Amino acid sequence: MVTDAAQIDAARILVASNRGPVSYTLTEDGGLDARRGGGGVVSGLSAIGSDEQSLWVCAALGEGDREAVRRGVGEPGVRMLDIDPAVHADAYNGIANSVLWFLHHLLYQTPLEPAFDQEFRRQWDAYRAYNRAFADALAESAAEGAAVLIQDYHLALAPGMLRERRPDLRIGHFSHTPWAPPDYFRLLPDDIAEELLRGMLGADRLGFLTQRWADAFTACATQVVGGTGSTVTGVYGLGADAGFLRERAHRPDVGERLAELREAVGPDRRTIVRVDRTELSKNIVRGLLAYRTLLATRPEWRERVVHIALAYPSRQDLAVYREYTAEVSRLAAEINEEYGTPGWTPVLIHVKDDFARSLAAYRMADVALVNPIRDGMNLVAKEVPVVSDEGCALVLSREAGAYAELGDHAITVNPYDVTATADALHRALAMPPAERAERTKHLAAAATALPPRRWFLDQLDALRD
Ligand code: F6P
C-alpha cells in the first residue's frame with residue numbers, strides 16, 4: 001500500500017488531511033522521534049492491496065514535523081507540506097477551528113460573535129493559500145484518473161481547486177463534523193458561504209457521517225448556490241474497530257490502569273464514565289452540572305457513585321479552549337469540595353492524555369455519559385459498549401451523529417437540559433443488570449456495523465464506480 005519517494009508522482013489513491021498519520025518531535029540530542037496515529041483513515045489505507053500506489057498528503061504541524069521535512073525524513077507513502085507557519089496558524093486556528101468548527105457545531109454566542117471584519121478576510125486569504133498548497137501537491141502527485149479522498153473542514157476549498165488543476169481525477173471529500181443548518185451557515189458573509197460551497201462541490205462525491213449532516217449540506221447548497229449540481233452525497237457512519245479495541249483493552253498496561261482506577265473509586269461504587277478531548281462541543285461542563293444535580297436531588301447516590309471524567313486537552317492555542325479546560329477542572333473541584341467525604345471523591349478527573357486509561361475506564365463503566373452539544377459521530381459512544389466488561393448503560397445526546405445508529409438502545413438526552421440529564425443518569429445507574437447487558441449487546445452490534453476498513457473502502461469503491 002505504500003509509495004516510495006520515486007513513485008510519488010504516480011499515486012493511484014491519495015488522501016489529504018490537515019493532521020497526518022505520523023508526527024515528529026525533536027529529542028534533546030537533536031534527533032527526531034516519530035509517533036504514528038490511529039483512526040479510521042489509517043486502518044482504511046492499510047486495507048488497500050500492496051499493488052495500489054497510495055499517498056497521504058498532510059500538513060507539518062509542529063517544529064518537529066517541519067524539521068523532518070527539512071531533513072528529508074519521512075514515512076513511505078506520506079508527504080508532509082511545510083506551509084508557512086503564519087499561514088497555517090491563520091487557516092487552522094483562525095478559520096478552521098474558530099469559524100468553521102463553530103458554525104458546524106453551533107457554538108457562537110451570537111449577541112457578540114461572529115463579527116466578520118478585515119481580520120477575518122485576512123485569515124480567509126490564508127485559508128485559501130493553505131487549501132491551494134494541498135491542491136498543488138495533490139495535482140502534482142496523482143496519476144491519471146487517480147482517486148483522491150480529501151478530509152474535513154480544513155480542506156473545504158481544496159476539491160474545487162484540485163478540479164481546476166486536474167479535471168481527470170476522481171475527487172471525494174469527507175466531513176468528520178456535522179454540517180450547519182442553513183440559517184446558521186448563512187451567518188457567513190454571502191460571498192464566503194458561496195465560495196466554501198463551490199469549493200466542496202468541486203468534488204464528485206461528498207461523504208457525511210449521518211443523513212442529517214448530508215441533508216443540512218444539501219439544504220445550504222440549495223439556498224446559497226441553487227443546488228448540488230452533479231456532485232453526489234453519501235452517508236458512511238464510521239464504526240468502532242472491535243478486534244483492535246478488544247485486544248488492546250486486555251493488554252497489561254490497561255490492567256494496571258484498571259487496578260489504579262478501581263482503587264481510587266473504592267469498593268461497591270458505581271461509575272459514570274466520560275472520555276473526551278476537551279472541546280467546547282463536548283459539553284463537559286453541563287455534564288458536571290447534571291452530576292451535581294444528581295447528587296443534590298437524589299442523595300441516595302452520595303458515596304455510592306463516582307464520576308470518572310477523562311478530559312484531554314485539545315487546541316490549547318485558542319484562549320476560549322484554555323478557558324473552557326480551566327472551567328472543567330474548576331467545576332470538578334467545586335463538586336468535590338461540596339460533596340466529598342474523607343473516603344469518597346465524587347469526581348475523578350484526569351487531564352493527561354492516556355489511551356490505556358481510557359480503555360480501562362471503558363471496561364469498568366456502569367454508565368457512559370456522551371452528551372455533546374453537537375458531534376459528527378462520537379466514537380466514544382461506540383467504543384464503550386464494545387469494550388465494557390459487564391455491560392454499560394449509555395446516556396447519549398440526541399445531537400451526536402451516533403444517535404442515529406445507537407439511539408434505540410441508549411437513554412437519550414437534550415444536551416442543554418441539565419435536569420433531564422441528571423434524571424437520565426439516575427435511570428442509567430438504576431438500570432437492572434439484565435436490561436443493561438441486553439442493551440449493551442445491541443449497542444455493540446450497531447457500533448461495529450461499519451468498521452473503519454469497510455468505511456474507507458466503501459467510499460473508495462463509490463468514487464471509482
Ligand atoms: O472529530 C472531528 C475532527 O474533525 C476529526 O476528523 C479530526 O481528526 C479532528 O476533529 C481535528 O482535530 P485537531 O484539531 O486536533 O486536529
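The legends below describe close-up views of a predicted model.

**Figure 1. R79 in strand β5.** R79 is part of strand β5. Apart from neighbours within four places in sequence, R79 is in contact with L55, W56, V57, C58, A137, E140 and S141. With one of these residues, S141, the side chain of R79 forms a polar contact of 2.9 Å. R79 and G20 are 59 residues apart in sequence, while their C-alpha atoms are 8.9 Å apart in space.

**Figure 2. The salt bridge between R66 and D82.** The side chains of R66 and D82 meet in a salt bridge, with an N to O distance of 2.4 Å. R66 belongs to helix α2 (residues 63–71) and D82 to the loop between β5 (78–81) and α3, so the pair ties together parts that are 16 residues apart in sequence. R66 is buried, with a relative accessible area of 5%. D82, in contrast, is partly exposed, with a relative accessible area of 36%.

**Figure 3. G72 in the loop between α2 and β5.** G72 is found in the loop that runs between α2 and β5. Its relative accessibility is 64%, and G72 therefore counts as exposed. The C-alpha atoms of G72 and R274 are separated by 41 Å, and the two residues are 202 residues apart along the chain.

**Figure 4. N93 in helix α3.** Helix α3 comprises residues 85–104 and contains N93. With a relative accessibility of 14%, N93 counts as buried. When neighbours within four places in sequence are set aside, N93 is in contact with H88, S98, D317 and L318. The side chains of N93 and D317 make a polar contact of 3.5 Å.

**Figure 5. N131 in helix α4.** N131 lies in helix α4, which covers residues 118–141. The relative accessibility of N131 is 0%, so this residue counts as buried. Which residues is N131 in contact with, leaving aside its neighbours within four places in sequence? They are H154, L155, A156, L157, A158 and M161.

**Figure 6. The salt bridge between E279 and R315.** The side chains of E279 and R315 meet in a salt bridge of 3.8 Å, N to O. This pair links distant parts of the chain, 36 residues apart: E279 is in the loop between β10 (270–277) and α11 (284–297), and R315 is in the loop between β11 (305–312) and α12 (319–339). Both E279 and R315 are buried.

**Figure 7. A network of salt bridges.** R292, E327, R330, E334 and E338 are linked in a network of salt bridges. A search of the whole structure finds 38 salt bridges.

Figure 8. The buried residues of α17 are R436, R439, T440, L443, A444, A446 and A447. They cover an arc of only 160° around the axis, and therefore lie on the same side of α17. Among the elements that cover these buried residues are α14 (379–387), β14 (393–397), α15 (403–406), β15 (411–413) and α16 (418–430). The face of α17 turned away from the buried side carries the exposed residues A434, K441 and A445.

**Figure 9. The salt bridge between E438 and K441.** The side chains of E438 and K441 meet in a salt bridge, with an N to O distance of 3.3 Å. Because E438 and K441 are 3 residues apart in helix α17, about one helical turn separates them. E438 counts as partly exposed, at 38% relative accessibility. K441 is exposed, with a relative accessible area of 53%.

**Figure 10. The contact between domain 1 and domain 2.** The domain assignment of the protein chain gives domain 1 (5–238 + 454–464) and domain 2 (242–447). The C-alpha centres of domain 1 and domain 2 lie 30 Å apart. How many residues does the contact take from each domain? Domain 1 provides 23 residues and domain 2 provides 19 residues.

Technical notes. Residues numbered from 1 in each chain as written. Predicted model: local features only at pLDDT ≥ 70, side-chain atom pairs only at ≥ 80, totals over all residues. Heavy atoms only, no water. Helix = DSSP H or I, 4+ residues; strand = E, 2+ residues; numbered from the N terminus. Buried < 20%, exposed > 50% of the residue type's maximum accessible area, 1.4 Å probe, protein only. Contact = heavy atoms within 4.5 Å. Arc of directions from axis to C-beta. Polar contact = N/O pair within 3.5 Å; in protein donor to acceptor, adjacent residues only side chain to side chain. Salt bridge = Lys/Arg side-chain N within 4 Å of Asp/Glu carboxyl O. Domains from an automatic or database assignment.
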